[in-house]
Amino acid sequence: MNPLVMDRHSKGSPERPSDSELAALRAAAREATERAYGPYSGVHVGAALLTNGGRVFAGCNVENASYGLTVCAERNAVARAVAEGERDLRAILIDTNQPRGLAPCGACRQVLHEFAPELWVVLVRGDDLHLARLSDYLPDAFGPADLG
Ligand code: THU
């Protein structure tokens, strides 16, 4: 098998979140959106991560007057999970105050890939949820296996 393909699947493919898990993620992400600190862009984002052990960690975007120091919601959620000893990630749901919803930025895709190349990525689009794999958003990703 092509080693790049093997790498993509080396951590397995986490199970799709159930409807009740999606509802819990949605509630946690919405609460985080409400706490977002986004006075410069006006964009408020909340992200909720589900681990394979069933725990949920939420993060929001935190902007700064020195704009480049802004940290996205997804990376803040990852930091919270890792600090609690959780790296076995199954899904992330991304909520926002933007009516069209938003997909994770490139930097966040890369950070998520570090821990779960086949993570489920769930976007809130109005009343609908859109599910895809992180590998759909970041194909042929660079990752830990590339460092030998
Ligand atoms: N933002 C996120 O929190 N996540 C993303 O994936 C895209 C962008 C935030 C960062 C910044 O505070 C605001 O959205 C506008 O870029």
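The axes of helices α3 (73-83) and α4 (residues 106-115) come within 9 Å and cross at roughly 25°. That makes α3 roughly parallel to α4 (angles under 35 degrees count as roughly parallel). This is a predicted model, in which local features need pLDDT of at least 70 and side-chain atom pairs count only at pLDDT 80 or more, while totals for chains, interfaces and linings use all residues. Residues are numbered from 1 along each chain as its sequence is written, and side-chain values use heavy atoms, with hydrogens and water left out.

**Salt bridges**

- Side chains of opposite charge can pair when their charged atoms come close.
- The count comes to 5 salt bridges (a side-chain nitrogen of Lys or Arg within 4 Å of a carboxyl oxygen of Asp or Glu).
- Asp95 pairs with Arg30, with the closest N and O atoms 2.9 Å apart.
- Asp95 lies in strand β3 and Arg30 in helix α2, so the pair ties together parts 65 residues apart in sequence.
- Glu31 and Arg35 also form a salt bridge, at 3.4 Å from N to O. Both lie in helix α2, about one turn apart.
- Arg55 bridges to Glu86 at 3.1 Å. These two are 31 residues apart.
- Shared partners join Arg55, Glu84 and Glu86 into one network.

**Buried or exposed**

- Buried means under 20% relative accessible area, exposed over 50%, and partly exposed in between (1.4 Å probe, protein chains only).
- Asp95 is buried at 3%, whereas Arg30 is partly exposed at 41%.
- Glu86 is buried at 17%, while Arg55 is partly exposed at 36%.
- Arg35 is exposed at 59%.

How values were computed:
Helices (H or I, at least four residues) and strands (E, at least two) are DSSP runs, numbered from the N terminus. Axes are lines fitted to C-alpha atoms, for helices over the stretch in contact, and angles run from 0 to 180 degrees between N-to-C directions. Angles under 35 degrees count as roughly parallel, over 145 as roughly antiparallel, 65 to 115 as roughly perpendicular and the rest as oblique.
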